[in-house]
Amino acid sequence: MICKNCDYEFNGNYCPSCSQSTKANSRLTFKNIIADFFDTVFNLDRGFFFTFWNLLKQPEFIIQGFINGKRKRFTNPVKYLIIATAIQALSESIIMFEEQGIPFTSFSLLSNELNQNMHLWNQTLTLDYPILFGIINLLVWPIPFYFIFKKFKHNIPELIAVMIYIYGTVVILIEVMAFIHNPLTGKNMSIELVSFMATVYMIYVLLKFYRRGSISWRIPRIIIAMIFLFVFRMFILPFSLAYFFPLN
Ligand SMILES: [Zn+2]
């Protein structure tokens, strides 16, 4: 049999060179596409919902497993992020209401004009470019953890994988809650509630992820890293954008 994906000649059910299944060598049919979709999303051993459920129940099992080489056991971070973003887009088109705008934080040391511009940038990023904003976060969030938890020797890509799992799970949790909250109250959940939930889940995952350290060692370090992320979100990011790329 000759693999149609990489032209390698072999016997057996999987190509030893690129791991494509022999089943995939037949002609594309609707059945393949649908089976592949269900396998990716619902497969009970490693599908998306299995990964999501375990990221709630025992996040360290998924995250450490993936980092330590169980790359096929769970939905990998990139796929996880794409599916979570798709669920978010779908549910926002169904149950989200007109956004009320986001709270305004002003810094008395800065000029009025700069404050206004920071607010404008905050609004633009969160409401108009949520995906770009998500990517910025995923690239910045690992930085404080890289330095503060240096002794665990995780590299930046490993920490990005951790953050993607956290981020994707928070996105889905919020959509699940919005499905109950929004129709009942007639409005979206507040930014404060969403941020609170995200913070609680992130601390929970990090406490488990760094469980090799004692609890009294972990907690202050996680808090310091989270404070950095808070300052980055509330001040550093909007300030740099408003300062270097003012919006009119
Ligand atoms: Zn092949």
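**Close-up views of a predicted model**

Figure 1. The protein has 10 helices and 0 strands. Read along the sequence, the pattern is α-α-α-α-α-α-α-α-α-α. The model is predicted. Its C-alpha trace spans about 70 × 45 × 40 Å along the principal axes.

**Figure 2. Burial and contacts across the protein.** The protein has 248 residues, and 22% of them are buried. Among contacts with a separation of 6 or more, 59% join residues 24 or more positions apart.

Figure 3. The domain assignment places residues 1-42 in domain 1 and residues 43-244 in domain 2. Their C-alpha centres lie 35 Å apart.

**Figure 4. Ser-21 and its surroundings.** Ser-21 lies in the segment before α1, the helix of residues 30-42. Is Ser-21 buried or exposed? Ser-21 counts as exposed because it has 11 C-beta neighbours inside 10 Å, and the cut-off for exposed is 12 or fewer. Leaving aside neighbours within four places in sequence, Ser-21 is in contact with Asn-13 and Tyr-14.

**Figure 5. Ser-21 and His-154.** Along the chain, Ser-21 and His-154 are 133 residues apart. Their C-alpha atoms are separated by 33 Å.

Definitions and conventions. Residues are numbered from 1 along each chain as its sequence is written. This is a predicted model: local features need pLDDT of at least 70, side-chain atom pairs count only at pLDDT 80 or more; totals for chains, interfaces and linings use all residues. Domain bounds come from an automatic or database domain assignment. Helices (H or I, at least four residues) and strands (E, at least two) are DSSP runs, numbered from the N terminus. A residue is buried if 20 or more other C-beta atoms lie within 10 Å of its own, exposed if 12 or fewer, and partly exposed in between; C-beta atoms are placed from the backbone. Two residues are in contact if their C-beta atoms, placed from the backbone, lie within 7 Å.
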